[in-house]
Amino acid sequence: MSGANRRAIFRLQRGLQPLVGLLIIYLVFTALSPTFRTFNTFKTILTQAVVLGTLSTGATIVLISGGLDLSIGSLFGLIAVITGLMLKANIPVGINIFLSLLFGALAGAFNGVIIVSTGIPAFIGTLGMMKLYRGFAEILGKNRDLSQFPLLFQSIGQGYLMPISIMVITFLVAHIILSYTKLGFNCYAIGGSNEMSRRAGIPVKQYYIIYYMIGGISAAISAIILASRLNFTNSSWGLGLELNALGAVIIGGTSLTGGVGNIARTVIGVFIITILNTGLSHLGVSSSWQRISIGTVIIFAVWLDIMQRRREENA
């Protein structure tokens, strides 16, 4: 068998592994817990996946480009507070949503500007922004709940049809961007080799800013959905959420080094984490052990990605 054929087989295996893992996890919980097998649990899984799935969409694009955004959880919390404050100030729902999305886009773009203009690593730059956004969220929110929003706003995230539809649309838009647009093609090119992309005439810095902007928009969409579902916001929202989002992206098979990944894989990663949390809850497992389980899965997924890359390189 030629080296090219072996590499193609390895890539196929890498793509199928998260899906196989998802099916195994689902079947295990189905066998262990009678309550997990109900249709209501299935609907709960879909609903619980909405916020994480929407947030992970932007994180996928940033990671494929070779970037990293640790600030999305804190930005999520800040946008939730801002949304709540605007609603309590009787700003119309439509204008509120537009301004929240605009703020998410500008904040994400600002992350990108800081990274490309200073040359500091994305890990350090977005870590600093994570602290900055969290501080502003606490100042504005004053550690109090903002609640009792208009019914029109509540309709966005409550029930099943609307939030799940928003998640699916977000997935489809991101898939189209990555698969059929110049923005997506360059995302893979920049993630695969930043230097080669620059030599090929691709304006790498400008594209980085756009990718981080998309990450900010994803944070805004997910914050709006959760605020409308729960009918309140709090400045503590989003603590550690960036790690769950990045975990979902990595478990789905997107490479930490960039250039590899897609939205379908992220969808699988999102549902692996959601099903793990839901299934373990049905079995009476504490939240601490749930975190340990997800951490173990993330470590295993990264190790598997490294081993697959080595096999492809040696093929």
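The model is predicted: local features need pLDDT of at least 70, side-chain atom pairs count only at pLDDT 80 or more, and totals for chains, interfaces and linings use all residues. Residues are numbered from 1 along each chain as its sequence is written, and side-chain values use heavy atoms, with hydrogens and water left out.

**Overall form**

- The chain holds 13 helices and two strands (DSSP runs numbered from the N terminus, with H or I of at least four residues for helices and E of at least two for strands).
- For 315 residues, a compact globule would have a radius of gyration near 20 Å, and the chain agrees at 20 Å (taken over C-alpha atoms; the globule rule is 2.2 Å times the number of residues to the power 0.38).
- Along the principal axes, the C-alpha atoms fill a box of roughly 65 × 55 × 30 Å.
- Of the 315 residues, 49% are buried (buried is under 20% relative accessible area, exposed is over 50%, and partly exposed is in between, with a 1.4 Å probe and protein chains only).

**Helix H3**

- H3 spans residues 72–88, 17 residues in total, and reaches 24 Å from first C-alpha to last, close to the 24 Å expected (1.5 Å times one less than the number of residues).
- H3 is mostly covered, with 15 of its 17 residues buried.

**Gly 21**

- Gly 21 sits in helix H1 and is partly exposed at 23% relative accessibility.
- Gly 21 and Gly 269 are 248 residues apart in sequence, yet 9.5 Å apart in space, C-alpha to C-alpha.

**Aromatic pairs**

- The whole structure has eight aromatic pairs (rings of Phe, Tyr and Trp, the last by its six-membered ring, with centres within 6.5 Å; planes under 30 degrees apart are stacked, over 60 edge-to-face, the rest tilted).
- Phe 300 and Trp 303 form a tilted pair, because their ring centres are 5.8 Å apart and their planes lie at 35°.
- Both residues lie in helix H13 (287–314), three residues apart, about one turn of the helix.
- Phe 300 is partly exposed at 47% relative accessible area, and Trp 303 is partly exposed at 46%.
- Tyr 26, Phe 29 and Phe 36 are linked into a cluster by ring pairs.

**Largest pocket**

- Its volume is about 910 Å³ (a pocket is an open set of points on a 1 Å grid over the protein atoms alone, where a 1.4 Å probe fits, with protein on both sides within 12 Å along at least five of seven lines; lining residues have an atom within 4 Å of a point).
- The lining of the largest pocket has 27 residues, with Gln 48, Leu 239, Leu 241, Asn 244 and Asn 277 closest to the centre.
- Helices H2 (39–64), H10 (204–230), H11 (241–251), H12 (263–282) and H13 each give two or more residues to this lining.
- By class, this lining has twelve nonpolar, 13 polar and two charged residues (Ala, Val, Leu, Ile, Met, Phe, Trp, Tyr, Cys and Pro are nonpolar; Asp, Glu, Lys and Arg are charged; the others, Gly among them, are polar).

**Second largest pocket**

- The second largest pocket has a volume of about 300 Å³.
- Its lining has 15 residues, and Gln 17, Pro 18, Ile 251, Ala 301 and Leu 304 lie nearest the centre.
- H1 (3–32), H11 and H13 each supply at least two residues of this lining, and H13 gives the most, with six.
- This lining divides into nine nonpolar, four polar and two charged residues.

Methods: Points joined across faces, edges and corners; volume = space filled by probe spheres on them.
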